[in-house]
Amino acid sequence: MRKIFTYSLSYKWSAIIALSLMGIELIVELVQPLIMAKIIDEGIVSKDYSVVSLWGGLLLVLSLLAFAAGVTNSFFAARLSQGVGYDLRRDLFEKIQSFTNRNFQSYSTPGLITRITNDVVQIQNLLFMFVRIALRAPLFILFALVMAFTIDAKLALILVVSVPLFLVFLSFILTKGVKLFKSVQQKVDGVNTVIRENLTGIRLIKGFNRGQYEEERFTSVNDDLMTQNKRALWLMEVAMPVVMLGVNLIILVILWLGAERLAANTIQPGEVVALVNYATRIMFTFSIFTFLIMVFSRGNASANRITDILEEETPSYLKEQHGEKHELKGEVRFQDVSFSHESQPTLDSITFKAEAGETIGILGETGSGKTSLLHLIPRLYERTDGAIYLDDYKIEDLDVKSLRTQISLVPQEIHLFSGTVRDNIAWGKEEATAEEIEAAAKQAQIHDYILTLPERYETQLGQRGVTFSGGQKQRLSIARALVRKPKVLILDDSTSALDAHTESRLMEALKGQSCTVFMVAQKISSLKAAHTILILHKGKIVAEGSHEQLLQESAYYREVYHSQLEEAQ
Ligand SMILES: Nc1ncnc2c1ncn2[C@@H]1O[C@H](COP(=O)(O)OP(=O)(O)OP(=O)(O)O)[C@@H](O)[C@H]1O
């Protein structure tokens, strides 16, 4: 919550104006019963109609004033809540951009989306309600008690005794509510997770005929959300009638005692009406309280979830700028590099050297650590031991932004963005010219195919656009990587869907680029031309050398090679 308060400070003037206007509403609300008492005692009872019209007129003017103040208050309350919501979404988005793989492991993607959307809305509701009515409610109760005291201290005592009892009851509800609404937000995450998985995996679900199973899964999380929501709302629904019942009893007691004192002529009828009026309004305020508690509970749960993200520790190197931007040649050297995912050792004492412009092939069974090794180069993962050098710089001494602009990674899972083919290639380099985009597409062996599309480079991809095959997507991603003219190109199994002919043309084209290429592949035919092939087994390099050397020296390599030859025949 402290964090949210800090955000609100940027809109302090909106908050101050809104709260001042709320003050006007509060004062009007407080004096209304007194004016009514005056009208009754000095006007109606005494049959002096000039008093009725004078004070009645004043009541009308004050009501109009309160109305105007209320409308303007809403305007400023909206400015504050929308402004803070905007800033929170912006900062959450920026923070998530700086997340490393390690940070992402703590949160699910739908969980992060819920935080940026639903949780921020809860904060907005909370702030809006706060400056609109939340502060008014306790202030009203406090001042209404004071006013009641000025009318009749003994009768007002009934209110003074009962108000703390209500407060204890409401704080009990609040504590329970915060817990319940926290789990409501978690259930929202659960629903979002299933929706997301279903939308992204819809083809798989259809192909495997798992529609029924997925429906049941969705029903289960949807039921959970409903049950938890019902529990939370039930708490609020019980609280409201309890408060109503209590205050109605208080009104009855006031009327009872008031009637006795009227008979004894120690109080005026208008004053009894004013006291009942204060008690009724206090009752109304308490019933608003239960609603506010709901908004507060949800808002508080959301504030904690948002603060978790904003305070998540991300490595400082992403923000730091080393002044110098080193132009790299592309030499890569690993010296006794080890790496663990959490506490799970993944790479062990990796040592090798890639001269600038060389192609390094990486072969290894699934889970042997190929992706992890490649991700260490652009610092998507941080090595746990040893040292990695680019040219002669330790990678930690290089500016990470400049490092990443000189390294292009084509990940195993290809991702295309919505937009045109051109946008997708230029995503790799914003200021790329049309010639550069075409040149990259030609090198990636996708240019000819793009020319067959209805609007060529301007063809829309994704939703309502054309859909690419697996191999076409891979080539488009390679074009996106090449348009930056990287010094180091990392192809993480990115040519798996290409036919042998296209792949060899691609490799030929890459030779023309003066960049170091790291290439993971399952087929030895893809790696044959590499200067060096590293064979990974359980996180260790167990053999390395050129194709010919490995054929002679590595039994594993020979075995894989021959089995692939047989398969091809
Ligand atoms: N984010 C992660 N958290 C924890 N462990 C991970 C994570 N990513 C990978 N691992 C583990 O690290 C090991 C190496 O994974 P890695 O993805 O580097 O292997 P790989 O050789 O690229 O596999 P594949 O050929 O299947 O892509 C595996 O045992 C894997 O389970």
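Biologist: Which strand and which helix each supply at least two residues of the shell around the ligand?
Modeller: Strand 2 (344-354) and helix 11 (370-376) do. Helices (H or I, at least four residues) and strands (E, at least two) are DSSP runs, numbered from the N terminus.

Biologist: Before we go on, what kind of model is this, and how are residues numbered?
Modeller: This is a predicted model, where local features need pLDDT of at least 70, side-chain atom pairs count only at pLDDT 80 or more, and totals for chains, interfaces and linings use all residues. Residues are numbered from 1 along each chain as its sequence is written.

Biologist: Back to the ligand. How many residues surround it, and which are the closest?
Modeller: 14 residues surround the ligand, and the closest are His 341, Thr 366, Lys 370, Thr 371 and Ser 372. Helix 11 gives the largest share of the shell, three residues.

Biologist: Now the whole protein. What are its spans along the principal axes?
Modeller: The C-alpha trace spans about 115 × 45 × 45 Å. The radius of gyration is 35 Å, whereas a compact globule of 569 residues would have one near 25 Å. That radius is taken over C-alpha atoms, and the globule rule is 2.2 Å times the number of residues to the power 0.38. The protein has 20 helices and 12 strands.

Biologist: What percentage of the residues is buried?
Modeller: 34% of the 569 residues. Buried means that 20 or more other C-beta atoms lie within 10 Å of the residue's own, exposed means 12 or fewer, and partly exposed is in between, with C-beta atoms placed from the backbone.

Biologist: How far does helix 9 reach?
Modeller: Helix 9 (residues 211-263) has 53 residues and reaches 77 Å from its first C-alpha to its last. That is close to the 78 Å expected at 1.5 Å a residue, the expected span being 1.5 Å times one less than the number of residues.

Biologist: Which residues in helix 9 are buried, and what covers them?
Modeller: Among the buried ones are Leu 225, Leu 235, Val 243, Ile 250 and Gly 258. The cover includes helix 7 (153-200) and helix 10 (269-310). Just after helix 9, Asn 265 takes a positive phi of about 60 degrees.

Biologist: How many residues are in the largest nonpolar core?
Modeller: 64 residues, with Leu 80, Val 131 and Leu 292 having the most contacts inside it. Such a core is a set of buried Ala, Val, Leu, Ile, Met, Phe, Trp, Tyr and Cys residues joined through C-beta atoms within 7 Å. Helix 3 (49-97), helix 5 (109-134) and helix 9 are among the helices that each supply at least two residues of this core. Helix 10 supplies the largest share, 17 residues.

Biologist: What is Leu 80 in contact with?
Modeller: Leaving aside neighbours within four places in sequence, the partners of Leu 80 include Tyr 11, Ala 15, Leu 127 and Val 131. Contact means that the C-beta atoms of two residues, placed from the backbone, lie within 7 Å. A second, separate core of 63 residues includes Leu 374, Leu 476, Leu 489 and Val 520.

Biologist: Different topic. Where is Asp 336 found?
Modeller: In strand 1 (residues 332-341). Asp 336 has a positive phi of about 50 degrees although it is not a glycine.

Biologist: Buried or exposed?
Modeller: Asp 336 is exposed, because 12 other C-beta atoms lie within 10 Å.

Biologist: And Gln 445, where does that lie?
Modeller: In the loop between helix 14 (434-443) and helix 15 (447-451). Phi of Gln 445 is near 65 degrees, again positive in a residue other than glycine. Gln 445 counts as buried because it has 24 C-beta neighbours inside 10 Å.

Biologist: Last one. Which residues is Asp 385 in contact with?
Modeller: Apart from neighbours within four places in sequence, Asp 336, Val 337 and Ser 338. Asp 385 itself lies in strand 4 (residues 385-390).

Technical notes. A residue is near a molecule or strand if its C-beta atom, placed from the backbone, lies within 6 Å of it.
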